[in-house]
Amino acid sequence: GGTLFFGLQPLPSPPGRCAMPTLPESTCESPTDADSNDTPPPNDDRFARIVAAMQPPPPPSQRKKELPLRAAADESPADALERAQALVRGGEVDAGLTLCHQVWPAISRTNDLTRMGVCQYVMVLGYHYNGMYTAALTAGNRGMDLLTRAGDSGRLLHLISMHAVTLTNLGQLPEAFELFYRGTQLLPSVSDDPLMQCRFWNNAATLYSFIDRDDQALECTERGAALTPHMDD
């Protein structure tokens, strides 16, 4: 799940407007109006394939590993949180989630809003990989509130794009597109971070693909791909 972002071009608009104004041949239908009657219900198998193409989940473990039920005695909450994220991204999803829940009380006591928001983000990531979208929705709401209060636009942007995918997967399309549009307004704040921009567009492509808007999904994918020369990831 890398993130790539090319230069800031005209951004997608909220529902009811043309989602990708840079390509005139795109349609301008509102997903809630045009697809409300003929869009098939969400298909979990199809969504799993889309996610696999856009943001490949970590491969399953080749051997069973013991869950880190306790952090190392000399490990700080911040280090434990970094380790939890590495576990989730490395394929040890259950282990990462277990560690994340373990360190949450200690991180909460610090009242560090950014670190608390990151902890919720790691939970969202793990829940997504495990297909636990309702749990991801709860953690995403908490994380967005924390990162908004912390004023951390970069991490908030990444979480917003993931949260929009969660909402789409749960069938809440108007809320998903409203949140996606909010994310486009934050893009200028990370104009010097192609990795963060790429993550946003990759998640946007997943969102559009899930509702069978393949042309717009392709546009988002191309936006992300155009950022790859500017990244060392």
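Helix H5, which covers residues 113-129 and so numbers 17 residues, reaches 25 Å from its first C-alpha to its last, close to the 24 Å expected at 1.5 Å a residue; the expected span of a helix is taken as 1.5 Å times one less than its number of residues. Helices (H or I, at least four residues) and strands (E, at least two) are DSSP runs, numbered from the N terminus. The model is a predicted one, in which local features need pLDDT of at least 70 and side-chain atom pairs count only at pLDDT 80 or more, while totals for chains, interfaces and linings use all residues. Residues are numbered from 1 along each chain as its sequence is written, and side-chain values use heavy atoms, with hydrogens and water left out.

H5 is mostly covered, with 13 of its 17 residues buried, where buried denotes under 20% relative accessible area, exposed over 50%, and partly exposed in between (1.4 Å probe, protein chains only). At the N-terminal end, H5 is capped by Asp112, a side-chain oxygen of which lies 3.2 Å from the backbone nitrogen of Thr114; a polar contact is a pair of N or O atoms within 3.5 Å, and within protein one must be able to donate a hydrogen and the other to accept it, with residues adjacent in sequence counting only if both atoms are side-chain atoms. Just after H5, Gly131 adopts a positive phi of about 75°.

Two packed helices are described by the angle between their axes and the distance between the axes. Here, axes are lines fitted to C-alpha atoms, for helices over the stretch in contact, and angles run from 0 to 180 degrees between N-to-C directions. H5 packs with helix H7 (residues 153-169) at an angle of about 30°, their axes being 11 Å apart, and H5 and H7 are therefore roughly parallel to each other. The axes of helix H6 (residues 133-150) and H7, in turn, come within 9 Å and cross at roughly 150°, so that H6 and H7 are roughly antiparallel to each other.

Most residues other than glycine have a negative phi.

Ala205 lies in helix H9 and counts as buried at 0% relative accessibility. Ala205 and Ala217 are 12 residues apart in sequence, yet their C-alpha atoms are 4.2 Å apart in space. The structure holds 0 disulfides, a disulfide being a pair of cysteine sulfur atoms within 2.5 Å. Cys100 is in no disulfide, and its nearest cysteine sulfur, that of Cys119, is 3.6 Å away. Cys100 counts as buried at 0% relative accessibility, and Cys220 counts as buried at 0% relative accessibility.

Taken as a whole, the protein comprises 10 helices and 0 strands, and 47% of its 233 residues count as buried.

How values were computed: Parallel < 35°, antiparallel > 145°, perpendicular 65-115°, else oblique.
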